[in-house]
Amino acid sequence: MPRSVLVSGGCGFLGSHLVDRLLRREDVETLVVVDNLWTGSRDNIAHVSDQRLSLRIADAESFTTSQHFDEIIHLASPASPVWYMREPARTIKANIGGALNLLSLLRPGGRFCFASTSEVYGDPLMSPQPESYRGSVDCTGPRASYDESKRCTEALLFEEQRVSGLDVRVVRLFNTYGPRTRIDDGRAVSNFVCQALTTGILTVHGDGSQSRSWGYVDDIVDGLERFFWRDSISHRAPLNIGNNREVSVLEIAKFVCSLVAGSRIEHRAPIAQDPTNRCPDLTLARQILPGWEATTSYQEGIRRTFEWYRRRIVTGDRSAAS
Ligand code: UDP
């Protein structure tokens, strides 16, 4: 059966990788990418010459069309704290307003997929975090526009599922890195790599003992593909997707330093309410997505990411393909 698919945020880091995967599907007849190019970039899909793809420059919360879609994948949102803290209202609109608007474009019986976040666990009091953990979140804290709008969008979708049987697929993504993150994105891996290639000074907030579980984008998109593409799925709740090897920020910075002679670490003031740790419990993911595992080591993933940025920064190559 030919399918019509809409991806909001399809010019973004994660979205553009997902667009590449969607276009490998023969049943995808039309693929509409809705992106306002706030944090995304046309460069990320410039390598695609597939006639099925069309790009609509619009906000997810106000995009209109007479078309209805079999599958909607809602990714439109900044994911970097630097970006979402700068424009909290816009972040909330993209997530919640985007979901409300895009739901109206779903054909009856269609599937709605959403990228939520491990930020819903806040600064977690248990580790690793299973999906059942309700989190330690501050709705008036500096991260609230992001984590609360992701939480509220989850609430909206699961309530729609409850009252109308909507086919909802929600993933909670842990820190994801790789090619196609903006140079000025501000998240740890891309920042460290770009800093190593330019100023040579890597800025670590606080002592760097805070940890994250760093997932290489190809592994994460493999997980999304297995969860979002599946025709029928009995799992009716959020699903953690990530790499469960927890590594400190300092270790990541030191590894990046080792790739560029003369680069060094400088410690900066800690960031307010910076979560101290983050690690997915993948028990459910292993049951629901048999055979899936994020296997790329951070050393290998960072080397690949480094090479992509090196081509852009040192040789000026702007192609997104990795
Ligand atoms: N971080 C850092 N230096 C940077 C960027 C980030 O030390 O230049 C730290 C940040 O304080 C946090 C971790 O790296 O502890 C991950 O930050 P990121 O913005 O990548 O993602 P988060 O998990 O905070 O959303």
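Tutor: Helices (H or I, at least four residues) and strands (E, at least two) are DSSP runs, numbered from the N terminus. Residues are numbered from 1 along each chain as its sequence is written. The model is predicted: local features need pLDDT of at least 70, side-chain atom pairs count only at pLDDT 80 or more, and totals for chains, interfaces and linings use all residues.

Student: Where is Arg 180 found, and what makes it count as buried?

Tutor: Arg 180 is found in the loop between β7 (176-177) and α5. A residue is buried if 20 or more other C-beta atoms, placed from the backbone, lie within 10 Å of its own, exposed if 12 or fewer, and partly exposed in between. Arg 180 has 24 C-beta neighbours inside 10 Å, so it counts as buried. Its phi is positive, about 85°, although Arg 180 is not a glycine.

Student: Why is Leu 37 called partly exposed?

Tutor: Leu 37 has 13 C-beta neighbours inside 10 Å and therefore counts as partly exposed. Leu 37 lies in the loop between β2 (28-35) and β3 (53-57); it too is not a glycine, yet has a positive phi of about 60°.

Student: How do you know that the span of helix α4 agrees with its number of residues?

Tutor: The expected span is 1.5 Å times one less than the number of residues. Helix α4 (residues 144-164) has 21 residues and should therefore span 30 Å; its end C-alpha atoms are 29 Å apart, which agrees. Just after α4, Gly 165 takes a positive phi of about 75°.

Student: Why is α3 called roughly parallel to α4?

Tutor: Axes are lines fitted to C-alpha atoms, for helices over the stretch in contact, and angles run from 0 to 180 degrees between N-to-C directions. Angles under 35 degrees count as roughly parallel, over 145 as roughly antiparallel, 65 to 115 as roughly perpendicular and the rest as oblique. The axes of α3 and α4 cross at roughly 15° and come within 8 Å. That makes α3 roughly parallel to α4. Among the residues making the contact are Asn 95 and Ala 99 of α3 and Ser 149 and Thr 153 of α4.

Student: What makes α5 oblique to α9?

Tutor: Helix α5 (residues 188-197) and helix α9 (residues 298-315) pack at about 50°, with their axes 10 Å apart. That angle makes α5 oblique to α9. Val 189, Val 193, Cys 194 and Leu 197 in α5 meet residues of α9 including Ile 302, Phe 306 and Tyr 309.

Student: How do you know that Gln 129 counts as buried?

Tutor: Gln 129 has 26 C-beta neighbours inside 10 Å and therefore counts as buried. The peptide bond from Ser 127 to Pro 128 is cis, with omega near -5°.

Key: Two residues are in contact if their C-beta atoms, placed from the backbone, lie within 7 Å.
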